[in-house]
Amino acid sequence: MDEKIVKINDTMTALEKVARAQMKTDEDKLLVASALMAVTRNLYVEAVGPRDTAHIFATIVESFNIMEEMLEQHKPTIH
């Protein structure tokens, strides 16, 4: 398991370095993120097929929704 975590970490670090080198503006950030998402989608489709890829992406979206709900519930209020 540790080898997989190291592989993920090393790959993330290398890819982020390359991606950030392509960014000069805020718009570039969105364009590079779009490119990374397309590559990610393509790799998932190759590895697990379209149906499982759709499920993975739906799960990711749901995790954002859950995080947003958690942040809303724990927002401090000033009385």
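The structure holds 1 aromatic pair. Tyr 44 and Phe 57 make up this pair, with ring centres 6.3 Å apart and planes at 80°, an edge-to-face arrangement. For pairing, the ring centres of Phe, Tyr or Trp (its six-membered ring) have to lie within 6.5 Å, and planes under 30 degrees apart count as stacked, over 60 as edge-to-face and the rest as tilted. The pair ties together distant parts of the chain, since Tyr 44 sits in helix α2 and Phe 57 in helix α3, 13 residues apart. Helices here are DSSP runs of H or I with at least four residues, strands are E runs of at least two, and both are numbered from the N terminus. Tyr 44 is partly exposed at 32% relative accessibility, and Phe 57 is likewise partly exposed, at 23%. On this scale, buried means under 20% relative accessible area, exposed means over 50%, and partly exposed is anything in between (1.4 Å probe, protein chains only).

A word on the model itself: it is predicted, so local features need pLDDT of at least 70 and side-chain atom pairs count only at pLDDT 80 or more, while totals for chains, interfaces and linings use all residues. Residues are numbered from 1 along each chain as its sequence is written, and side-chain values use heavy atoms, with hydrogens and water left out.

As for charged contacts, the structure holds 2 salt bridges, each defined as a side-chain nitrogen of Lys or Arg within 4 Å of a carboxyl oxygen of Asp or Glu. One of them joins the side chains of Arg 20 and Glu 16, at 2.8 Å from N to O. Both partners belong to helix α1 (residues 2-21), and because they are 4 residues apart, about one helical turn separates them. Arg 20 is partly exposed at 49% relative accessibility, and Glu 16 is partly exposed at 41%. The other bridge brings together the side chains of Lys 29 and Asp 26, at 3.5 Å from N to O. These two residues are in helix α2 (residues 26-48), 3 residues apart, or about one turn. Lys 29 is partly exposed at 43%, whereas Asp 26 is exposed at 59%.

After α2 comes Gly 49, with a positive phi near 90°. The backbone oxygen of Gly 49 is reached by the side chain of Thr 53, at 2.7 Å. That is a polar contact, meaning a pair of N or O atoms within 3.5 Å; within protein, one must be able to donate a hydrogen and the other to accept it, and residues adjacent in sequence count only if both atoms are side-chain atoms. Thr 53 lies in helix α3 and is buried, at 4% relative accessibility. Arg 51 is in helix α3 too, but Arg 51 is exposed, at 73%.

Further along, Ile 66, Met 67, Met 70 and Leu 71 make a nonpolar surface patch, with about 380 Å² of accessible area together. Patch members have over 30% relative accessible area and no salt bridge; like charges are joined within 9 Å, nonpolar side chains (Val, Leu, Ile, Met, Phe, Trp, Tyr) within 5 Å. Accessible areas come from the Shrake-Rupley method with a 1.4 Å probe, and for residues only the protein chains shown count as cover. Ile 66 belongs to helix α3 (residues 50-73) and is partly exposed, at 40%.
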